[in-house]
Amino acid sequence: MATQETPSFDFDDLKQEVVNRLFYQPIGLLAAVVKTLPNAAEEGRRVVQGPLQTAKFVGDMAAGVMKARYGTQINDLEERVSDVRRTVEGAADLVFKTAQSRVGGFGGEGNSQADPTAAEPTVHEAQGSETVGGIVGYEAMTAAEVIGHLQGLTLDQLGEVEAFELEHRRRRTVLGRVSKLREEQQ
């Protein structure tokens, strides 16, 4: 019968290994960190600076190409965003004015009974009441709102709308619809 040999352990080697891993290595690691810490920020900056400069250059180039290729579409989008912003601001103003008229002011200073004969303000009255081509509040309207009011205007009123657009906002959608309606009426 064969006997199995038991491996022999050198407990001194084992103790030395435990002391190395649990005591000397953490101390050595801490010493290395303390030694390199003052230069760590500069080293990190050096490693990252090149790729950051490359990314900035590529981004600037892409932005330039996009502006050159899609400049008019970007301008149209900015105009639409502006229209939406003005509409939202007008609606907020309308809500504020409506609440004030119904409550008589904020902070409990008025009575809570609304005047049933008082007319409700419209979004465009809240923003201003400039009339262009018979459309009240024209300047505050979005292109879609203006187009909704064009049907039924006279040739003179359509001409006034066209002149205003050419002088101020130059919205292609409005100008195109005005042109089409003028052609239909002639």
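Biologist: Reading along the sequence, what pattern does the protein follow?

Modeller: Bear in mind that this is a predicted model, where local features need pLDDT of at least 70, side-chain atom pairs count only at pLDDT 80 or more, and totals for chains, interfaces and linings use all residues. Residues are numbered from 1 along each chain as its sequence is written, and side-chain values use heavy atoms, leaving out hydrogens and water. Helices (H or I, at least four residues) and strands (E, at least two) are DSSP runs numbered from the N terminus. The protein has 5 helices and 2 strands, and their pattern along the sequence is α-α-β-β-α-α-α.

Biologist: What percentage of the residues count as buried?

Modeller: Buried means under 20% relative accessible area, exposed over 50%, and partly exposed in between, with a 1.4 Å probe and protein chains only. Among the 186 residues of the protein, the buried share is 16%.

Biologist: Which residues have the most contacts inside the largest nonpolar core?

Modeller: A nonpolar core is a set of buried Ala, Val, Leu, Ile, Met, Phe, Trp, Tyr and Cys residues joined through side-chain atoms within 4.5 Å. The largest one has 14 residues, and helix 3, helix 4 and helix 5 (172-185) each give two or more residues to this core. Those with the most contacts inside it are Ile135, Tyr138, Leu150, Val161 and Val174.

Biologist: Tyr138 also pairs with Phe164, so to speak ring to ring; what kind of pair is it?

Modeller: Rings of Phe, Tyr and Trp (its six-membered ring) pair if their centres lie within 6.5 Å; planes under 30 degrees apart are stacked, over 60 edge-to-face, the rest tilted. The structure holds 2 such aromatic pairs, one of them Phe23 with Tyr24, whose centres are 5.1 Å apart and whose planes sit at 75°, so that pair is edge-to-face. For Tyr138 and Phe164 the centres are 5.1 Å apart and the planes at 85°, so this pair is edge-to-face.

Biologist: How many residues apart are Tyr138 and Phe164?

Modeller: Both are buried. Tyr138 is in the loop between strand 2 (135-136) and helix 3 (143-150), while Phe164 is in helix 4 (residues 155-167). The pair links distant parts of the chain, and the separation is 26 residues.

Biologist: What is the accessible area of the nonpolar patch with Leu14 in it?

Modeller: Patches are made of residues with over 30% relative accessible area and no salt bridge, joining like charges within 9 Å and nonpolar side chains (Val, Leu, Ile, Met, Phe, Trp, Tyr) within 5 Å. Leu14 lies in helix 1 (residues 11-103) and is partly exposed at 47%. By the Shrake-Rupley method with a 1.4 Å probe, counting only the protein chains shown as cover for residues, Phe11, Leu14, Val18 and Leu22 together have about 430 Å².

Terms used. Salt bridge = Lys/Arg side-chain N within 4 Å of Asp/Glu carboxyl O.
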